[in-house]
Amino acid sequence: GNEGVGPNWAGLAGSEVELDDGTVVVADEEYLTRSIVEPNAQIVKGFNGIMPERELDADEVAAIVAYLQELGDPAG
């Protein structure tokens, strides 16, 4: 629930995310999937693109996205 080298995941799914280029996107399933598969494609403002790419199969990616969608609001 705390920010560190990357943004907080709690409450991420469905929220608006500002990217380093100033655009704002919704952290929907497509965004979350791309962020997992290509972690440095869209960097969140204020963070560096240091996440290494991992070779995950479609089921693993889907499980991570489902987990992110289940996380609640970090404020409570």
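Trainee: How many residues line the largest pocket, and which of them lie nearest its centre?

Mentor: The lining holds 26 residues, and those nearest the centre of the largest pocket are P7, W9, S35, P39 and M51. A residue is counted in the lining when one of its atoms is within 4 Å of a pocket point, a pocket being an open set of points on a 1 Å grid over the protein atoms alone where a 1.4 Å probe fits, with protein on both sides within 12 Å along at least five of seven lines. The model is predicted, so local features need pLDDT of at least 70 and side-chain atom pairs count only at pLDDT 80 or more, whereas totals for chains, interfaces and linings use all residues. Residues are numbered from 1 along each chain as its sequence is written, and side-chain values use heavy atoms, leaving out hydrogens and water.

Trainee: Which helix gives the largest share of the lining of the largest pocket?

Mentor: That share, four residues, comes from α1, while α1 (29-37) and α2 (58-70) each supply at least two residues of the lining; helices here are DSSP runs of H or I with at least four residues, and strands are runs of E with at least two.

Trainee: What makes E18 and K45 a salt bridge?

Mentor: The term asks for a side-chain nitrogen of Lys or Arg within 4 Å of a carboxyl oxygen of Asp or Glu, and the closest N and O atoms of E18 and K45 are 3.5 Å apart, so the pair qualifies. This pair links distant parts of the chain, as E18 lies in strand β1 (residues 16-18) and K45 in the loop between α1 and α2, 27 residues apart.

Trainee: How do you know that E38 forms a salt bridge with R34?

Mentor: The closest N and O atoms of E38 and R34 are 3.6 Å apart, and therefore this pair also meets the rule, by which the count comes to two salt bridges.

Trainee: Why is E38 called partly exposed?

Mentor: Partly exposed is what falls between buried, under 20% relative accessible area, and exposed, over 50% (1.4 Å probe, protein chains only). E38 has 36% relative accessibility, so it counts as partly exposed, and R34 is partly exposed at 36%. E18 counts as partly exposed at 34%.

Trainee: Which residues is N40 in contact with, leaving aside its neighbours within four places in sequence?

Mentor: They are G49, I50 and M51, where contact means heavy atoms within 4.5 Å. N40 lies in the loop between α1 and α2, and from N40 to I50 there are 10 residues in sequence and 7.3 Å in space, C-alpha to C-alpha.
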